[in-house]
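Student: Hi, could you walk me through this one? I'd like to ask things as they come up.
Tutor: Happy to, let's take a look.

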Amino acid sequence: MAMAAAGLSCWGAALGAAVGVPLLLLAAAPRIRRFVAGGRCESAARLEGKAAVITGANTGIGKETARELARRGARVIIACRDTAKGEAAAAEIRAETGNPQVVVKKLDLADTKSIREFADSFLAEEKELHILINNAGVMLCPYSKTADGFEMHLGVNHLGHFLLTFLLLERLKQSAPARIINVSSLGHHGGRIRFHDLNGEKSYNRGLAYCHSKLANVLFTRELARQLQGTKVTANALHPGSVRTELVRHSVLMTWLWRIFSFFLKTPWEGAQTSVYCAVAEELESVTGQYFSDCQPAYVSSWGRDDETAKKLWNVSCELLGIQWD
Ligand SMILES: NC(=O)c1ccc[n+]([C@@H]2O[C@H](COP(=O)([O-])OP(=O)(O)OC[C@H]3O[C@@H](n4cnc5c(N)ncnc54)[C@H](O)[C@@H]3O)[C@@H](O)[C@H]2O)c1
C-alpha cells in the first residue's frame, strides 16, 4: 500500500515537472530574451555627410552595423573578401534604408598586399573617413597562415586591422572628429600575448589563438588611444555579446551548440548595437581607450590593462609588418 502511494507520488512529481518546467520556461522566455539582447544604442544621432568603413560587413554583426549606419545617412564602405556577397548585402541595405551611398570594396585581411590595395583605392576615391570599424574576424581556425606567413587569428584579427588602421589614419585625422572601433571579445580574458611564439609554431590551440588575438585588439586600442591623445580621433574596443552568426563555422561542435542554444544568443542586429553605440553616441565624442559591452563600459582583463605589453605588442606588430608608426 505504502509502496503504491510512493509510486503514485513519484509519477505525480514527474508529471508536475514535465508540465511545470516548460510552462515556467515559457513564462520566463521574454525576460530571458530581454537579458540576452543586452543594451541598445538609444542615440538618435544622424550621420549625413559622414563616411564609415566597416570590415567584414557582408555578413553577421558587420552587416547589421552597416545597415544601422546607412539608416542614419552615412556613406558606408563595406570592406570584404567576397565582393559578390558584399554587393548582395549592399543592395539589400540600399533598398531597405533608401540610402544609395553603400558601396563595396575588396579587402582580404589575410594578405597585406590586398590591405594596401584597398587603402590605395580608398584614399584615391574617398575624400573623408569619420568612422573605421575593425569588425572582421575569424575564430577556431585549424592551424593555417596568412599570405604573409602570420598565424591566421593573429594575422586577420590583429595584424590585418593594425595595418589597415595605420594606412587610413591620416585620412581619419584630416576628417576629425573621427572614431576607430575595434571589435574584440569577452574571449580576450582568456588571452595572453605569447611573444616567444606569436605564430603558434611551438604549440597551437585554436580556441586560445582566438583569445590571444582578441586580447591583441584590446591592447592595440589602448596604445592607439594613447598615441592619438591631442588629436580628435578616438579609439575604443568592444565585446558584441554572444551572437547568432557564422563565426563558429570552423567547429562542428560549436556550430551545433550555437544552434541548440540559439535562444540564448543575440541576434546579429542586437550584436551590432554596441558597435553602433561606439560609432555614434554623442556622449562618447571624446571618450577613448575604453572597452564596452552592452552599450556600457565593461571590465577589461588585467592583461588587457598592461601598458608595457601594449607598447611591446605595438613595436613587434610594426616590425612584423615592416612599418614605422610613431
Ligand atoms: N558572434 C559572436 O558571438 C562574437 C562574440 C565576440 C566577438 N565577436 C566578434 O565580432 C566580429 C564579427 O563576427 P561575426 O560574429 O559577425 O562573424 P561573421 O563570421 O558573420 O563575420 C565575420 C566577417 O569577417 C570576415 N572575414 C573573415 N576573414 C576575413 C579576411 N581575411 N578578410 C576580410 N574579411 C574577413 C568574414 O567574411 C565575415 O564577413 C568578429 O571580430 C568576432 O571576433 C563575435
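Student: Which exposed residues does the face of H9 turned away from its buried side carry?
Tutor: That face carries Glu308, Asn315 and Glu319. Keep in mind as we go that this is a predicted model.

Student: And which residues of H9 are buried?
Tutor: Ala310, Leu313, Trp314, Ser317 and Leu320. They sit on the same side of H9, because they cover an arc of only 135° around the axis.

Student: Why do residues three or four places apart point the same way in an α-helix?
Tutor: It comes from the 3.6 residues in each turn of an α-helix.

Student: OK, so what covers the buried residues of H9?
Tutor: The cover includes helix H5 (152-175) and helix H6 (206-227).

Student: How far does H9 reach, and what follows it?
Tutor: Helix H9 runs over residues 307-321 and reaches 21 Å from its first C-alpha to its last, close to the 21 Å expected at 1.5 Å a residue. Gly322 comes after H9, with a positive phi near 65°.

Student: Switching to the ligand: how many residues surround it?
Tutor: There are 28, and the closest are Gly56, Gly60, Ala136, Gly137 and Thr245. By class, the shell has 13 nonpolar, twelve polar and three charged residues.

Student: Which helix gives the largest share of that shell?
Tutor: Helix H2, residues 60-71, with three residues.

Student: Is H2 enclosed or open, and why?
Tutor: H2 is largely enclosed by the rest of the structure, because eleven of its twelve residues are buried. Among the buried ones are Gly60, Lys63, Glu64, Arg67 and Glu68.

Student: What does Val276 touch?
Tutor: Val276 is in helix H8, residues 268-280. Leaving aside neighbours within four places in sequence, Val276 is in contact with Cys41, Thr65, Glu68 and Leu69. Glu68 and Leu69 are also among the buried residues of H2. Cys41 is 235 residues away along the chain, yet its C-alpha is separated from that of Val276 by 6.6 Å.

Student: Buried or exposed, that Val276?
Tutor: Buried, because 24 other C-beta atoms lie within 10 Å of Val276.

Student: What about the largest nonpolar core: which residues touch the most other members?
Tutor: Ala52, Val76 and Ile78, out of the 81 residues in that core. Beyond its neighbours within four places in sequence, Ala52 has contacts including Leu69, Val76, His130 and Ala279.

Student: And where does Leu238 lie?
Tutor: In strand S6, residues 233-239. Leu238 counts as buried because it has 27 C-beta neighbours inside 10 Å. Not counting residues up to four places away in sequence, Leu238 touches Ile181, Thr274 and Tyr291, among others.

Student: What is phi for Asp294 and Cys295?
Tutor: Asp294 has a positive phi of about 50° although it is not a glycine. Cys295, also a residue other than glycine, has a positive phi near 60°.

Student: Where is Asp294, and is it buried or partly exposed?
Tutor: Asp294 is in the loop between strand S7 (291-293) and strand S8 (296-297). Asp294 counts as partly exposed, because it has 19 C-beta neighbours inside 10 Å. Cys295 is found in the loop between S7 and S8 too, and with 20 such neighbours Cys295 counts as buried.

Key:
Residues numbered from 1 in each chain as written. Predicted model: local features only at pLDDT ≥ 70, side-chain atom pairs only at ≥ 80, totals over all residues. Near = placed C-beta within 6 Å. Helix = DSSP H or I, 4+ residues; strand = E, 2+ residues; numbered from the N terminus. Nonpolar A, V, L, I, M, F, W, Y, C, P; charged D, E, K, R; others polar. Core = buried A, V, L, I, M, F, W, Y, C linked by C-beta atoms within 7 Å. Contact = placed C-beta atoms within 7 Å. Expected span 1.5 Å × (residues − 1). Arc of directions from axis to C-beta.
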